[in-house]
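Have the structure open and follow along.

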Amino acid sequence: MSQLTINNVRIAGMSACVPATVEDNRTLPIYKDESEALKVITSTGIERHHKVDEGTTASDLTVKAVERLLTDLGWAPEDVDIFAYVCTSRDYIAPQTSCILQDRLKLRNDCCVFDLPFGCSGWVYGMSIVGSLMSHGTLKRAILVAAETNTLNRNPRDTAVRPLFGDAATATALEFDPDRSHPMNFMFGVDGSGYDAVWAPYGGMRRPVTPEALVEKEVAPGVFRRGIDMIVNGMDVFGFAIKQPPRSLKELISTFNIDTDTVDLLLLHQANRFIDEKIRKAIKIPPERTPYCLEEYGNVTSASIPLTMVSRCSERLAGDDKHCIACGFGVGLAWASMEFYAGGVKCSDMITY
Amino acid sequence: MNIQEFIENFAAQLDETDEALITPETQFKQLDEWSSLTALSIIAMVDDEYDVIVKGNDIINSDTIQDLFDAVKSKRKPGAD
């Protein structure tokens, strides 16, 4: 089993930015009537999501989120030693978006800057990677972004995905703290045989964009897609999501001897309520310790966990250390679980773009 | 696992269809109330009851409840019955 323990790193602050435009699932034009819409809302728990307007990218939301977080923490842009950008909806094919953001955010030229193109597992993976770099002690302050514009890389006429996915950018500020007593613990997992459970078949090097890949086709009744659009094979993802995340969390719990009675917050990737409730029940964490934000924001992939923390837990995280376990899971198929303590965290008020 | 119990578990996922009308020969995807959401509750039921994860293709390639039953049975761990 691949496991990791990181010492001397704490979460100093968090922020999140969502676009102003809201799509309500009750009034989406893809349903024949409201009862059909309500059925989807009841089973997924997702009532609405935020959606970027044309021309806005994940990096635009990111600039707002990071600038606010730096201000609220009293950090100057030049204080940042690491800037990591978890995102799959990049601005350009090249270069990495994080390079452009270095300039837009006025970060130092010798800042350690990189993209991490993870999906739903991305915040947890990002915490492990950035935390590891910081634990050596020379890189003291980091910003980890988890951002996505899901509405741009999925087809609006794909009834299977439109009601579920939204857009958001989050920023997590991490600080080296030699006096920190609580470690962060991680478990990792991947099953590449499920690569086509969530994927965009065209637009990479194996299947470049062709005129054919831009033609919209009705692949099932009411489901329209182009070759370049992100496909979510709901049944395969669902089968994966009810099995692997509980297994991963149980591995985390047994490997690091976690007493689940002491867990204050179970932070799950916001896939849908049906899946997340199955995971919660499998590891027996009570509902009041399992915050959700999917009803308001939908599935925002890698931004799901930090968005839940900022929008639903800011008061709890501001106080004493809270014992948290988290699990991110999805495209890859990849997943990761972590245990950490968070206290005295400065969460910025929600930002609208 | 036996087919009668499988049918009962299957029927429990349906809201509008009379359980008495469900047989091994029922072409479940032709049911009026069949939807992608029904498919997900069947996948969850099979996981809960039989500890098997049904793939999308298992459902796509099954016409009757007997077909699906056979697919689940073939994926059971040895000695599970």
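Helices here are DSSP runs of H or I at least four residues long, strands are runs of E at least two long, and both are numbered from the N terminus. With that in hand, one caution before the tour: this is a predicted model.

**The core**

Let's start inside. The largest nonpolar core has 123 residues. Those with the most contacts inside it are F83(A), A84(A), V86(A), V130(A), L144(A), V145(A) and A168(A). As background, nonpolar side chains tend to be buried together in soluble globular proteins.

Which residues does V130(A) touch, once its neighbours within four places in sequence are left aside? The list is I82(A), A84(A), A142(A), L144(A) and L174(A).

Helix α9 of chain A, residues 304-312, is another place to look: it is mostly covered, with eight of its nine residues buried. The buried ones are S304(A), I305(A), P306(A), L307(A), T308(A), M309(A), V310(A) and S311(A).

**Where the chains meet**

Now for the contact between the chains. Chain A puts in 12 residues and chain B also puts in 12 residues. On the chain A side, α1 (34-44) and α6 (234-255) each supply at least two residues. Which helix gives the largest share of the side of chain A that touches chain B? That would be α6(A), with seven residues. Sorted by class, the chain A side has four nonpolar, four polar and four charged residues.

Zoom in on α6(A) and you'll find its partner in helix α2 of chain B, residues 36-50; the two pack at an angle of about 35°, with their axes 10 Å apart. The crossing of α6(A) past α2(B) is right-handed. From α6(A), the contact uses G234(A), M235(A), F238(A), G239(A), I242(A) and K243(A), while α2(B) brings S36(B), A39(B), L40(B), I43(B), A44(B) and D47(B). By class, the residues of this contact come to seven nonpolar, three polar and two charged.

**A helix pair within chain A**

Chain A has a helix pair to look at as well. Helix α2 (residues 58-73) and helix α3 (residues 97-104) of chain A pack at an angle of about 40°, with axes 11 Å apart. Because of that angle, α2(A) counts as oblique to α3(A). Here too, α2(A) makes a right-handed crossing as it passes α3(A). S59(A), T62(A) and V63(A) are the α2(A) residues that meet T97(A), I100(A), L101(A) and R104(A) of α3(A). The contact of α2(A) with α3(A) divides into three nonpolar, three polar and one charged.

Most residues other than glycine have a negative phi, and most peptide bonds are trans.

| Where | Feature | Value |
|---|---|---|
| A94(A) to P95(A) | cis peptide bond | omega about 0° |
| G332(A) to L333(A) | cis peptide bond | omega near -10° |
| K284(A) | positive phi, not a glycine | phi about 55° |
| T301(A) | positive phi, not a glycine | phi about 45° |

Where do these sit? P95(A) is in the loop between β5 and α3 of chain A. L333(A) belongs to the loop between β15 (322-330) and β16 (334-342) of chain A. For K284(A), look in the loop between α7 (273-282) and α8 (294-297) of chain A. T301(A) is in the loop between α8 and α9 of chain A.

Is T301(A) buried or exposed? T301(A) has 32 C-beta neighbours inside 10 Å, so it counts as buried; the cut-off for that is 20 or more. K284(A), on the other hand, has 10 other C-beta atoms within 10 Å and is therefore exposed.

**Out at the surface**

G74(A) lies in the loop between α2 and β5 (82-86) of chain A. It counts as exposed because it has 9 C-beta neighbours inside 10 Å. Its C-alpha atom is separated by 21 Å from that of L307(A), and the two residues are 233 apart along the chain.

E315(A) is placed in helix α10 of chain A, residues 314-318. With 8 C-beta neighbours inside 10 Å, E315(A) counts as exposed too. From E315(A) to T260(A) the C-alpha distance is 22 Å, and the pair is 55 residues apart in sequence.

Key
Residues numbered from 1 in each chain as written. Chains lettered and ligands numbered in written order. Predicted model: local features only at pLDDT ≥ 70, side-chain atom pairs only at ≥ 80, totals over all residues. Core = buried A, V, L, I, M, F, W, Y, C linked by C-beta atoms within 7 Å. Buried ≥ 20, exposed ≤ 12 C-beta atoms within 10 Å, placed from the backbone. Contact = placed C-beta atoms within 7 Å. Nonpolar A, V, L, I, M, F, W, Y, C, P; charged D, E, K, R; others polar. Axes fitted to C-alpha atoms, helices over the stretch in contact; angles between N-to-C directions. Parallel < 35°, antiparallel > 145°, perpendicular 65-115°, else oblique. Left-handed = near helix turned anticlockwise from the far one by under 90°.
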